[in-house]
Amino acid sequence: MQLAIMQPYLFPYLGYFQLMHRADRFVLLDAVQYIRHGWINRNRILKPGEGWQYFILPLQPHHQTDSIAQIQYQPQPNHREKLLRQLEHYKKKAPHYEACRAVVAEALATPELSVTQVNAHALLCCNRYIGIHTPVHISSQLSLQYHEVQHAGQWALRIAQQLQATAYLNPEAGAELFVPEEFAAAGIALQFLQPALPAYSQRRPVFEPGLSIIDVMMYNEPAAIRQMLDACTINNHA
């Protein structure tokens, strides 16, 4: 069983979905500390005219040491409506605007305030639309034990051991966190995914790479997105 683990990001970029697609099981790690200015409650879409802009769902006040599982969104519904309004400029040029907007609206319609639950729901809505069938689990709901974690790279190792994974797949950008000998001693193959972000027509002169999956869905039908999911490369640690 090939396992992949990521924090629960809000409408993340294509590489996140490539990782989900290539794994047999996918765990949303929300037991770790929330870090500001990451991708938990924000991401990037095109800005009208040129360049890109952030969309952000505001959070309730929280302690600096709170885990992601403890963080909640602000309950005001107008913040979610604001995100939908930020998408309106796509209507002029994006061929799949209506379908994509419906996915985003469904994702944001949940009454949940938990960041983990809202983001997990959004991921599942996107997966259903695109056609990704990988089971997604939330770490705080799995009764996992972390008392033996001694460094950042061991979070994945301990989860993989408890879920009886035979292989662990991680984005290549985080390879330096891991001690390969620890995975080898546990009998777990350590693999790294190199994302591929193929350019697609955004109906403007300059292509903006690495934007939210929202942008990908605006300009590409599900079948085309599934082809993009297979464009990544998986490398075994030697």
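How many bridges join strand 1 to strand 6, and do these strands run parallel or antiparallel? Three bridges join strand 1 (residues 2-6) to strand 6, and the two strands run parallel. The legends below refer to a predicted model, in which local features need pLDDT of at least 70, side-chain atom pairs count only at pLDDT 80 or more, and totals for chains, interfaces and linings use all residues. Residues are numbered from 1 along each chain as its sequence is written, and side-chain values use heavy atoms, with hydrogens and water left out.

View 1. Strands are DSSP runs of E with at least two residues, helices are runs of H or I with at least four, and both are numbered from the N terminus. Two strands count as paired if DSSP finds at least two bridges between them.

**View 2. Strands 6, 7 and 8.** Strand 6 (residues 167-171) is joined to strand 7 (residues 189-194) by five bridges, and these strands run parallel. Tyr-168 stands opposite Leu-190 in strand 7. Four bridges join strand 7 to strand 8 (residues 233-236) in an antiparallel arrangement, where Phe-192 stands opposite Asn-235 of strand 8. In strand 6, Ala-167 is the bridge partner of Gln-2.

**View 3. The buried side of helix 3.** Tyr-97, Cys-100, Val-103, Val-104, Ala-107 and Leu-108 are buried in helix 3; buried means under 20% relative accessible area, exposed over 50%, and partly exposed in between, with a 1.4 Å probe and protein chains only. These residues lie on the same side of helix 3, because they cover an arc of only 130° around the axis, taken from the directions from the helix axis to the C-beta atoms. The buried residues of helix 3 pack against helix 2 (78-86), helix 4 (115-130) and helix 7 (213-219).

**View 4. Surroundings of Glu-106.** Glu-106 lies in helix 3 and is partly exposed, with a relative accessible area of 38%. Leaving aside neighbours within four places in sequence, Glu-106 is in contact with His-121, Cys-125 and Arg-128, where contact means heavy atoms within 4.5 Å. The C-alpha atoms of Glu-106 and Ala-120 are separated by 12 Å, with the two residues 14 residues apart along the chain.
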